[in-house]
Structures are given as C-alpha cells and as structure tokens.
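Please look at the structure first.

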Amino acid sequence: MAVSSPTRPAVARDGRHRSLWLQQALGDAPDAPPLTGATTADVVIAGGGFVGLWTALRLKELDPACDVVVLERDVCGGGASGRNGGMALSWWPKLSSLIRICGPEEALRLARASEAAVGELGAFCEAHGIDAEVTPGGMLWTATAPAHVGAWEAVMRQCASVGAEPFVRLSAAEVAARTGSSLHLAGVLEPAAVTVQPAKLARGLRRVALERGVRIHERTAVTGFTRERPLRVTTDHGHVDAQRLVIATNAWAQAIPELRRSFVTVTSDIVATAPIPDRLAELGWTGGESVTDSQMMVNYYRTTRDGRLVFGKGTAGLRLGTTVGDRLDRNPAHTALVTAELHRTYPQLAGVPIARDWGGPIDRTPTSIPRIGRLDGRDHLLVGVGWSGNGVGPSLLGGQILARLALGIRDQWTTSPLVDHRHDRFPPDPVRYVSGRLVRQAVVRKERAEAAGRRPRGLDVRLARLAPAGLEDKH
C-alpha cells in the first residue's frame, strides 16, 4: 500500500497551525479580551494552560474573595495543554526520582496523590459539564525491542519497597492483543491512567474559572515583571500591579533568567489519522488503553472517541536560546519521523490518511520532576514549570501547591520537600545546545540499533545515559 502524506489542513483564523484537539475545541466562546491599560489584582497568573487554570480555580476555592487575573499570550490551552497526547498519568513511574527528592514516605504520598488526581480530574469534568472525553483504560508501558523488555522492573521493585502495587503484569500475548500490534513484546498496565481530549479540558477549565470570577486576558503576552513587592507585571499593551505572581508558562519560562538553566526545551510531535473505528476494532485495540514504549525518545499513542489513532513521539529537537517561536507548531521532518514510527508499529495502517499533524515544546528538567515553589526564595514570586511532558494529571497537584503558597497557607503541600527542592541545572548555551545535540544523535543511533535487534555502540550507550529522564525511571 502507498504511504499517505499528511494533508494540509486549514489553519486557525489567526494564521496559527493548531492541533487536532484545538481545532475541535476552539469556538466554544469568544476570546477573552486582551489586557489594555492598567489593572490590579491580588494574584496574577502568567499562563492559561492546565497549571495556571488549576491554580486559579484552587485560589477561588480556598478564598473566593481573592482577585485573580490570568494572562495568556495565545488562547487558553494554546500551548502544551492543547497539544499533548491527552494521556493523564500518575507519578508512579517516577517514584525513584521522587524518593531521591523527598524521601520514601513523602514520595509515596505524592505518588498516591497523583493517582488520585487522575480520578479527581474526571470527577471535576462530570460535576461541571466538561465533555473532555475522559476515557478509562489504563496505560500500557511496553517494550517494542528485545533490549527494552523489563525496562519497568526497577520501578516495580521500588514501588514494592514502599508497599505499593500500581502496575499489573500482563503476558506478552495479552500486551500484543490489547495494543493491536505484535511489535509489543512485553509490558505492564497502570490501570489508573485515563485519556482525555486535552484542549476540551483546558477550555472547560477556562469556562469554570470565568464563572467563578477569575479575570482572563487572552492574546496578552507578558513582557516582564519586577521583583519587589508589590510587583508589576508588564504586557504588550498594559500592566498589572499585584501582590503575587505565579509563573506557569511551560517552555516559554526559559526567557526568565532565574529559570534559564532549570530545564531544556525539547520538541514532541504528533500525528492523528482519519477516523478508522472499524480498523481499530479489527486490530483488537478497543479498551481505551494509552500506550508508551520504552525508548528514550518515547513513542506514545492512544485512540479517540471518534475512532482515530493519535501517535506521538518525543523528537527531542533542541532549541538554541530562549525564544519559543511558532516554528515548533509544525515540522514536516518530525512529522515524517513520527509517521514512520506509526507505520513501523502498525504496518496494517500504512494506507490510512494522516488527517492532522502538529508539534510543540516540552520543558524537560533533568529528572522530569517539575520545579514548583518560590523564585529565588521570594514568597511573592511563585513558579510551576518543568512538567516534562507529563502535566495533564500532575498539574492538579501543581495548582494545589501554588494556590496554597500564594495564600500563605502552611500545610503538608507547601512544606513538602518537593517545594523549592534543589534542582540539577543544565549548562548554559551554547554548551547545552551543542552537548545536547551530541547526546540526541547518540540516542537516535542507540535506539535504531535496538529496534533492529543490533547491539548499540558502547559510546552511544554512554552518551545516551546523559540524556534527561523521560516519562519513566528506567534504572
């Protein structure tokens, strides 16, 4: 069968190339007006994605009188929140990293809380009439090359050491059957995970925030902020004087000098097929499971309510400097790579049209655990960035912590060792960029060799170990 190429869909009315999710979700309400002139607030939040909106909602739950302003450079959900794979996962696969940061007891509490947050997400949508297409089915963590079989064993041993059993072992035959692809050689299931339509979720959170009195200004780019208190947040056409600022801008936060070395901006790209419910039924992939493999440049994929296959890959295209431009919205070379991986995994679907392709930036920390807390120890400047491609579920916890910090509440959330923990730092550019490209090339060569059943070169293996952690702790 001939390999189909992505069609060139219509772009948004503002000329931006949008994800399938945003294409489906936008139009539910007019854009919130941009900020013009001066205003004041108790708390201003930079970023109208999951972290910013959950923080705003938590603030209103804790203190309904709190005057909250959200500033979003695009539209709410226009960044990572409306472009991701729509997989709401827990922190169980990151338990080892959490233990190193927080110790066993607190790591266990946070992992359990992150699992509960996935359930809370669904309950919130049901209570507020948000049709985010929340679909239970769990997440399959799989191996698609012999070298990756058992990649989850260290995580499972770590979970067992603290008395937790969040994963279910499956036979190789069952993994292949549930994913609809014999490329999957082994795997485990995390039953608590769900899939969502992420842009519908973001737009639903936006609606509820507006209903609760949060003031939202879309098409409003933050251009700077002062460090003293009270502070001033400047935008392209106005400013806000406030008592506290919460920075929740994902990869765009790299423009802030204090955060520049906290994370590295990499890319992830996704393709979505046309609706093919009958073909998916033929494959046997009907349980709503999301899937990740065990590559460092991870493949992640899931089905949708209307019967599409949405397939993404961490392409790890590094950015030089601090600017995140519109070029990351779509990259034809990355689309070709992701499409090739889809066809390698599901050769039966090689003739199915690709209906939409898109990309975006990821703010990856060295451990893939986010940076949550105070900016350089300032109580009035708070930050929640570095979600590393797994923010759909844990962003609820981030909003919980950031709202409490903003209100000066002292409890188990704000005193957790996760808050203000000392992060490893990446080297400055251009060292970060040059070394990152060398590591990326080594990872590509290593994983191509493993996929082909060959032993990778020792140098590539050693260099690949320098890559920042992925969705799971594999060692």
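Two strands pair if DSSP finds at least two bridges between them. Helices (H or I, at least four residues) and strands (E, at least two) are DSSP runs, numbered from the N terminus. This is a predicted model: local features need pLDDT of at least 70, side-chain atom pairs count only at pLDDT 80 or more, and totals for chains, interfaces and linings use all residues. Residues are numbered from 1 along each chain as its sequence is written, and side-chain values use heavy atoms, with hydrogens and water left out.

**Strand S15 and its neighbours**
- S14 (residues 290-292) runs antiparallel to S15, and two bridges join them.
- Val-291 has Tyr-301 of S15 as its bridge partner.
- Six residues lie between S14 and S15 in their hairpin.
- S15 also pairs with S16 (residues 309-313), antiparallel, over five bridges.
- Tyr-300 has Gly-312 of S16 as its bridge partner.
- The hairpin of S15 and S16 has five residues between the strands, and Gly-307 there takes a positive phi near 85 degrees.

**Burial of S15**
- Buried means under 20% relative accessible area, exposed over 50%, partly exposed in between (1.4 Å probe, protein chains only).
- Five of the five residues of S15 (residues 299-303) are buried, so the strand is largely enclosed by the rest of the structure.
- Asn-299, Tyr-301 and Thr-303 point one way, Tyr-300 and Arg-302 the other.

**Cysteines**
- With a disulfide defined as a pair of cysteine sulfur atoms within 2.5 Å, the count is zero.
- Cys-66 is in no disulfide; the nearest cysteine sulfur, that of Cys-76, is 17 Å away.
- Cys-66 is buried at 4% relative accessibility.
- The closest cysteine sulfur to that of Cys-102 is in Cys-159, 15 Å off, too far for a bond.
- Cys-102 is buried too, with a relative accessible area of 13%.
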